[in-house]
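Please look through this structure before reading my comments. They are meant for someone new to reading protein models.

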Amino acid sequence: MKFIGNVLATIIGIFIFCMIFFFGIILIGAVFGGDDDTVTVKKNSVIELDLSEVSLDYAGKINFKDFNYFETNHNGLTDVLNAIDNAKTDDKIQGISILKNQSNLGLAQSQAIRKKLADFKKSGKFVVAYSDYLTQKDYYLNSVADTVYLNPIGELDFKGLSSEVLFMKELQEKTGIKMEVIRHGKYKSAVEPYLNQEMSPANREQVTVLLNSVWNTIVSDISESRNISIDSLNAIANQLNARTPELALAHNLIDKVSYEDEYHNAIKTKLKVSKKEDYNTISILDYAKNNATSISDYTKKDIIAVIYAQGEIRGGEGEVNIIGEGSIKRSLKAAREDKNVKSIVLRIDSPGGSALTSELIWREIELTKKIKPVVVSMGNVAASGGYYIACNANTIFAEKSTITGSIGVFGMLPNMSTFAKNIGINAEQVKTHENASGYSLFEPIDENFKKITLESIETIYGTFLKRVAEGRKMTTAQVDSIAQGRVWTGTDALKLGLVDKIGGLEDAIKHAATLGKTKSYQVENYPEYEQSFEDLLNNLTGISMFQTKDALLREHLGEESYLLIQQIKKANQLKGVQALMPFELNIK
């Protein structure tokens, strides 16, 4: 029997080894399998600007440390902007076609693309856009085109902005499952849905101001591109006078009502191509990859380091859409110790998160500032913890539509004591000291625990105010008067002194070069995220290793279900005191 057992154990061991080896080979092949299928740019070509796969400013560099192998992705917003810039002087590119684009970009990112397209048009090359259906966000981008086309049975959604918040106080009372909230800041409305059944006047005030400021940015840009007054645009939105192609055309929001084949024929005419032939196209991501992998100008020894901090602040190593102190601190240290790096730009797109991690990154910026200038460039959002890591920079840039501020902190703990009692669960505790048990999910929150936690919140809020006051050369009283968790647009933040200049990443890089006293330089992007073989196995999905779990959920569940699951997931991941933006603004 022992012999048979040994034989079976050996067979099972060999089987497991073969399975690991087999999947290891597949995984290694996925990682190291050549990606040499670069697309050739043909003469007389048109770039197709499909941004559906672009969501982050920085696509990321990954160091697979167990294999000593590096992977760089080129599908970030920065890659797209650089590609459009290069296309201006590329004699093979004749124009850009925005064909049925449905992007996941935020408003500040869309604004950056618009600016780059407007600059591209100055070269004399064309930009045209065609859609079957236009959301407000996509129309904002398309409106910069020379000619905007819409399908004869299409629609244009142009009605102003709104934001919807769900309140769950009564749900908690009915289920017996509630969130215990401890906060500082009357505008810290991230937790308001758990405390009230309706929106507070303070929250309604800030959301109203915020939406109006964002809308003013949108209509100002559209007004300039389409030569329509802002008053007229507001009237069109109020009366829904763009809801049909005919109405949109009559009010000059679009130029032509046509089918897609007619759109392509118009492009062929511009290119002097027969209508019986296909014209040459290249996708923006293929062109961006070709552009990014072309030979750099190595004669420029000076470097401006751009460090991307994007996503929620959670701690640890971090990854392309999560900010961790590991990769950010390592990047700051590498940049300040590199003699060729003359200055540093920290590009932030974050609603905040862990207060502790924010403080650790703030400290690393303080150390870096003593050696080299640090300039912050704010993207879609740099709020709460995102502002915490920005406030001590030498200069802060924001877009007009950037969401920033939210200087405040909170703590939130789930509590099931009522629910447990209702279903017959009783939790009993045994302890050696009065405060030994801490917080229990199954007991009402202890007032002493609540008091101690509030002390911690107040301490962190005080530290936050101090960091901002020192960084922005204000008094803590001045900061407190515009803090309290309230959010602002970049336009309003400039007036309040929370930022220094309105501008995009390119403006921040030029300013950083001035501070670094260099006119001839190249840009080097950070961070370089470290991953082990174990990380790869954990992330293995059976599809591309670069298709994240979030991307898979979004694909299979649909956008609305995905966003709901993300809200639940984020609530469960909140640990410790949070410096987090009060709400997510989904522009509709």
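The points below go from the whole chain to single contacts.

1. Overall make-up. This is a predicted model. The protein contains 22 helices and 23 strands. Of its 588 residues, 48% are buried. The exposed surface comes to about 28,900 Å², and carbon and sulfur atoms supply 53% of that area.

2. Contacts along the chain. Take the contacts in the protein between residues at least 6 apart in sequence: 75% of them join residues at least 24 apart.

3. A pair of helices. Two packed helices are described by the angle between their axes and the distance between the axes. For helix α7 (residues 201–226) and helix α8 (residues 230–238), the axes come within 9 Å and cross at roughly 115°. The crossing of α7 and α8 is right-handed. On the α7 side the contact involves Trp215, Val219, Ser220, Ile222 and Ser223, and on the α8 side Ile230, Leu233, Asn234 and Ala237. Sorted by type, the residues of this contact are six nonpolar, three polar and no charged.

4. A lysine in a helix. Lys116 is part of helix α3 (residues 107–121). Is Lys116 buried or exposed? Lys116 counts as buried, because its relative accessibility is 9% and the cut-off for buried is under 20%. Setting aside neighbours within four places in sequence, Lys116 is in contact with Leu81, Ile84, Asp85 and Glu506.

5. Tyr58 sits in the loop between β1 (45–48) and β2 (61–64), whereas Tyr308 belongs to strand β10 (residues 302–310), so the pair ties together parts 250 residues apart in sequence. Tyr58 is buried, with a relative accessible area of 6%. Tyr308 also counts as buried, at 1% relative accessibility.

6. A tilted ring pair. Tyr388 and Phe464 form an aromatic pair that is tilted, at 4.7 Å centre to centre and 35° between the planes. This pair links distant parts of the chain, as Tyr388 is in helix α14 (residues 385–388) and Phe464 is in helix α16 (residues 447–472), 76 residues apart. Both Tyr388 and Phe464 are buried.

7. A ring cluster. Which residues do ring pairs link into a cluster? They are Tyr130, Tyr149 and Tyr263.

How values were computed:
Residues numbered from 1 in each chain as written. Predicted model: local features only at pLDDT ≥ 70, side-chain atom pairs only at ≥ 80, totals over all residues. Heavy atoms only, no water. Axes fitted to C-alpha atoms, helices over the stretch in contact; angles between N-to-C directions. Helix = DSSP H or I, 4+ residues; strand = E, 2+ residues; numbered from the N terminus. Left-handed = near helix turned anticlockwise from the far one by under 90°. Contact = heavy atoms within 4.5 Å. Nonpolar A, V, L, I, M, F, W, Y, C, P; charged D, E, K, R; others polar. Buried < 20%, exposed > 50% of the residue type's maximum accessible area, 1.4 Å probe, protein only. Areas by Shrake-Rupley, 256 points an atom, 1.4 Å probe, with all protein chains shown as cover. Phe/Tyr/Trp six-rings, centres within 6.5 Å; stacked < 30°, edge-to-face > 60°.
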